[in-house]
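Please review the structure below before reading on. The notes that follow are grouped by topic.

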Amino acid sequence: MIRLEKRPQPSRLWTVVTPLIAVVLTMVVGGIMFALLGKPPLEAIRTIFWDPLFHPQFAGYSRPQLLVKAGPLILIAIGLSIGFKAGIWNIGAEGQYIMGAVTGAAVGLAFYPSESVLLFPLMVVAGALGGWAWAMIPAVLKTRFGTNEILVSLMLVYVAENILASASASWLRSPEGMGFPGSRNFKQWPAVHNDELIANTGLHWGVVAALIAVIAAYVLMARHIQGYNIRLTGEAPRAARFSGVSPARIVFLCLGISGALAGAAGLFEVTGPAGQITIDFNSGYGFTAIIVAFLGRLNPVGILLAGLLMALTYIGGELAQLMLGLPGASIQLFQGMLLFFLLATDVFTNYRIRFAKGELA
Amino acid sequence: MDTLLSIRGLTKAYPGVVANDDVSFDIGKGEIHALLGENGAGKSTLVKMIFGLVKPDAGEMVLDGAAYAPGKPSDARRSGVAMVFQHFSLFEALDVAENVALGMENPPKPRDLARQIREVSETYGLPLDPTRTVGTLSAGERQRVEIIRCLLQNPRLLIMDEPTSVLTPQEVDILFQTLNKLRAEGTSILYISHKLEEIRALCDEATILRLGKNVGTCTPREVTARQMAELMVGSSFNTPEARAGEKGAVLLRTDKLSLPAPGAFGTPLREVSLEVRAGEVLGIGGVAGNGQDELLMALSGERLAPAGTIFFKGQDVSRLGPVGRRDAGLLSGPEERLGHAAAPNMSLTENAVLTGARREGLVQGGFIDWGKSKAFAEKVIERFDVRTPGPGTAARALSGGNLQKFVVGREILQNPEVFVVNQPTWGVDAAAAAAIRQALLDLAAKGAAIVVISQDLDELMEISDRFAALNEGRLSPARAVAELDIEKIGLMMGGAHDMEVAHVDG
């Protein structure tokens with residue numbers, strides 16, 4: 001009989017090794033799936049993981065996309081990971097991302113066509129505040145009325161999507177857009193365009209912000225007393241209360257940080273790669289970031305790597321659809337497998353397998 | 001009277017503690033047999049062995065003339081042994097009949113079962129509608145579901161683990177009628193409780209356990225509650241000598257401190273008034289679940305008390321949280337080591353920060369000084385002889401006794417002016433327990449006021465200057481330990497409150 005035995009301490013080795021094993025298992029099982037679909041498995045894997053970076057023909061286009069896609073994923077995932085550490089499950093980053101973009105864009109457009117250098121920083125702050133405010137709704141409801149933040153934050157995503165639709169169709173619609181939905185294009189407004197800082201790298205201010213967030217989150221969680229309180233709340237809520245940590249404060253802090261970072265990510269996206277507020281502006285970064293946060297073991301450096309890996313499977317997946325005619329759903333399945341295997345192998349961090357004769361304890 | 005179950009020399013040891021040591025007694029047919037003892041006396045382990053949940057290390061049982069060694073609860077049930085647990089295992093969303101069916105080996109058809117439930121409930125005077133959803137039932141009604149589930153199997157021996165702890169007085173009357181009826185039909189009942197008056201009213205025989213040993217059998221009707229309390233507490237008890245020396249100023253005082261119960265299974269605090277002076281140890285005894293945890297949380301600041309109820313050196317600290325009280329010099333140590341006093345998955349260094357952050361200056365400008373924290377953890381480990389590979393070890397990797405030394409030492413080394421601790425030596429081996437007690441006495445000698453909440457009476461008598469007992473959230477007036485004798489303690493503890501009420505009513 002196979003038995004799981006709890007380790008006295010979480011294994012350091014397995015903490016690092018499980019994501020790698022998960023990636024390898026995903027490749028193996030994904031390869032089998034591609035083979036069953038009648039596609040060459042090795043080529044499909046190579047197209048997803050290798051070609052976006054090194055293909056002689058496509059890499060020039062797809063390489064910058066890596067940072068463009070990874071930037072918002074990492075920025076949002078860092079914020080989420082802080083809450084997840086405390087056991088506060090903000091599932092609505094997508095909504096906070098939308099509200100950050102809408103708020104920031106609205107503040108910017110109010111000053112159109114100002115050329116002030118202060119305008120873009122102001123918009124970033126407004127975007128972060130927009131996301132923060134949206135995250136405060138589940139925080140207030142949770143602390144005052146004991147509602148479940150998972151449900152509230154998730155449902156607010158759909159509210160945010162409707163606000164986005166109304167913004168792009170009416171109150172933020174470009175007066176020069178001939179009646180088509182969609183705001184003014186920030187790419188045509190140099191003072192606030194979040195352009196690439198170095199050409200053909202995909203590096204924009206959002207990516208810089210993501211890197212700063214990685215470092216800041218690392219320092220917060222490893223060295224600062226608030227980071228300690230957040231971890232303590234997640235590990236042992238009663239011990240946290242005994243220590244003197246106010247549970248409500250942790251809820252506000254965690255939802256606030258994750259909302260603000262998601263909102264900022266939305267602002268960087270709308271002024272940069274997306275360019276304008278449109279009905280379908282949001283593309284699921286807020287949800288994918290949840291996977292990134294777990295893939296990165298809720299560790300800032302892990303999230304940095306996981307964000308890059310996830311971005312790679314996105315770009316590579318698109319490439320595989322294009323070049324091999326793989327169905328889009330199979331790519332999503334492939335990404336889902338990654339999370340599945342990660343969670344499955346995660347067991348070995350805290351448990352080890354014992355092969356023993358069946359005996360009742 | 002014929003013997004139904006004969007228990008001979010049952011022994012069960014867990015690492016560090018012998019839960020049952022050579023326990024023998026007989027349960028007669030149609031007899032209500034009480035199993036009596038303080039918490040930790042080994043009652044649960046014993047019934048778990050009878051019900052097949054735990055295998056004895058030594059000893060044997062004979063059921064109705066045949067050897068009886070159940071390997072699992074279903075073996076026990078097949079032999080006619082049924083058990084009603086203290087905490088119910090029912091599904092709230094399902095109805096009564098469905099819950100009963102889930103606990104049976106071969107449940108009959110739903111309609112037959114509903115009919116059987118009605119029959120049994122009428123026969124034994126346990127009103128219960130099989131179609132009601134369990135979520136809508138009171139605690140007493142839920143217990144009836146469990147009892148009926150057992151009765152449907154026609155048990156020869158019914159084990160009941162503290163059945164009245166969740167019942168209203170009216171429900172207790174109904175239950176006793178049912179049990180008397182079962183006895184009249186020849187069913188034997190093993191009745192676990194520490195409510196003495198209850199046992200006197202109901203039981204034919206009583207076996208008293210103390211520290212895992214059978215310390216005596218008596219016929220409850222023929223002895224007084226006090227005599228039983230003495231057996232329970234132990235005649236080995238010696239009144240300690242009066243402690244010399246004047247005590248200092250009052251450091252901690254509570255004034256009619258009342259707090260509602262924190263949850264469904266909690267106990268409210270009812271007008272708790274106490275005071276402790278510098279250099280004094282106040283021992284608070286009582287049976288578990290009578291407000292010990294709640295009192296500690298109110299004193300530590302985890303649950304804020306109404307203004308004007310808790311005073312530290314004359315200052316009202318009722319509305320201060322744990323951080324404010326710690327800053328002032330009021331420190332505490334909760335009973336539950338893992339999850340309350342310490343975070344299981346965090347290292348000892350991290351756990352040192354848990355309460356030492358400010359008094360030990362481990363945090364500067366919001367940032368944790370890990371070097372200093374590690375040094376503090378190492379100091380606790382060294383001074384309190386905590387056996388561990390090092391301060392990087394996760395708290396859950398430590399044995400109970402070692403972790404206890406760590407969490408108590410962590411507070412003592414912070415030089416508290418008032419230290420409140422719940423069960424400081426629970427589950428700790430004798431040597432470690434002695435060390436912890438000595439550390440508490442040393443702290444008091446240095447002029448700190450100490451409140452020790454414990455269920456170990458010997459411990460309280462050994463280290464306390466004055467003694468009070470908690471009963472259903474009420475604290476008895478404290479008395480100098482030197483004036484106490486076994487009878488007075490028996491009165492103050494478990495049975496005392498019940499007897500006083502009976503007296504007033506009578």
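Lys142(A) is partly exposed, with a relative accessible area of 26%. Here buried means under 20% relative accessible area, exposed means over 50%, and partly exposed lies in between (1.4 Å probe, protein chains only). Lys142(A) pairs with Glu149(A) in a salt bridge, with the closest N and O atoms 2.9 Å apart. Glu149(A) is buried, because its relative accessibility is 4%.

This is a predicted model: local features need pLDDT of at least 70, side-chain atom pairs count only at pLDDT 80 or more, and totals for chains, interfaces and linings use all residues. Residues are numbered from 1 along each chain as its sequence is written, chains are lettered from A and ligands numbered from 1 in the order in which they are written, and side-chain values use heavy atoms, with hydrogens and water left out.

**Salt bridges**

- A salt bridge is a side-chain nitrogen of Lys or Arg within 4 Å of a carboxyl oxygen of Asp or Glu.
- Arg231(A) and Glu350(B) meet through their side chains in a salt bridge, at 2.5 Å from N to O. The pair crosses between chains, from helix α9 of chain A to helix α11 of chain B. Helices (H or I, at least four residues) and strands (E, at least two) are DSSP runs, numbered from the N terminus.
- In chain B, Arg387(B) and Asp385(B) form a salt bridge, at 2.7 Å from N to O. Arg387(B) is exposed, with a relative accessible area of 55%. Asp385(B) counts as partly exposed at 39%.
- Lys29(B), Asp64(B) and Arg156(B) are linked in a network of salt bridges.

**Second largest pocket**

- The second largest pocket holds about 2,000 Å³ of space. Pockets are found on a 1 Å grid over the protein atoms alone: a pocket is an open set of points where a 1.4 Å probe fits, with protein on both sides within 12 Å along at least five of seven lines. Grid points are joined across faces, edges and corners, and the volume is the space filled by probe spheres set on the points.
- The lining has 50 residues, each with an atom within 4 Å of a point. Nearest the centre lie Pro10(A), Thr15(A), Lys85(A), Arg297(A) and Asn299(A).
- Both chains contribute: among the elements that each supply at least two lining residues are α1 (12-36), α4 (59-85) and α13 (300-324) of chain A, together with α11 (348-356) of chain B.
- By type, the lining divides into 26 nonpolar, 14 polar and ten charged residues. Ala, Val, Leu, Ile, Met, Phe, Trp, Tyr, Cys and Pro count as nonpolar, Asp, Glu, Lys and Arg as charged, and the others, Gly among them, as polar.

**Nonpolar surface patch**

- Trp89(A), Ile150(A), Leu151(A), Met155(A), Tyr158(A) and Phe287(A) form a nonpolar patch on the surface, with about 550 Å² of accessible area together. Patch residues have over 30% relative accessible area and no salt bridge; nonpolar side chains (Val, Leu, Ile, Met, Phe, Trp, Tyr) are joined within 5 Å, like charges within 9 Å. Areas come from the Shrake-Rupley method with a 1.4 Å probe; for residues, only the protein chains shown count as cover.
- Helix α7 (residues 149-171) of chain A gives the largest share, four residues.
- Met155(A) sits in helix α7 of chain A. Met155(A) counts as exposed because its relative accessibility is 52%.

**Backbone geometry**

- Most residues other than glycine have a negative phi, and most peptide bonds are trans.
- The peptide bond from Tyr112(A) to Pro113(A) is cis, with omega near 5 degrees. Pro113(A) is in the loop between α5 (93-110) and α6 (119-145) of chain A.
- Asp22(B), not a glycine, has a positive phi near 50 degrees. Asp22(B) is in strand β2 (residues 17-28) of chain B.
- Lys256(B) has a positive phi of about 45 degrees, although it is not a glycine. Lys256(B) is in strand β11 (residues 250-259) of chain B.

**Contacts across the sequence**

- Thr349(A) and Lys6(A) are 343 residues apart along the chain, and their C-alpha atoms are separated by 9.3 Å. Thr349(A) is in helix α14 of chain A.
- Gln455(B) and Ala288(B) are 167 residues apart along the chain, with C-alpha atoms separated by 6.9 Å.
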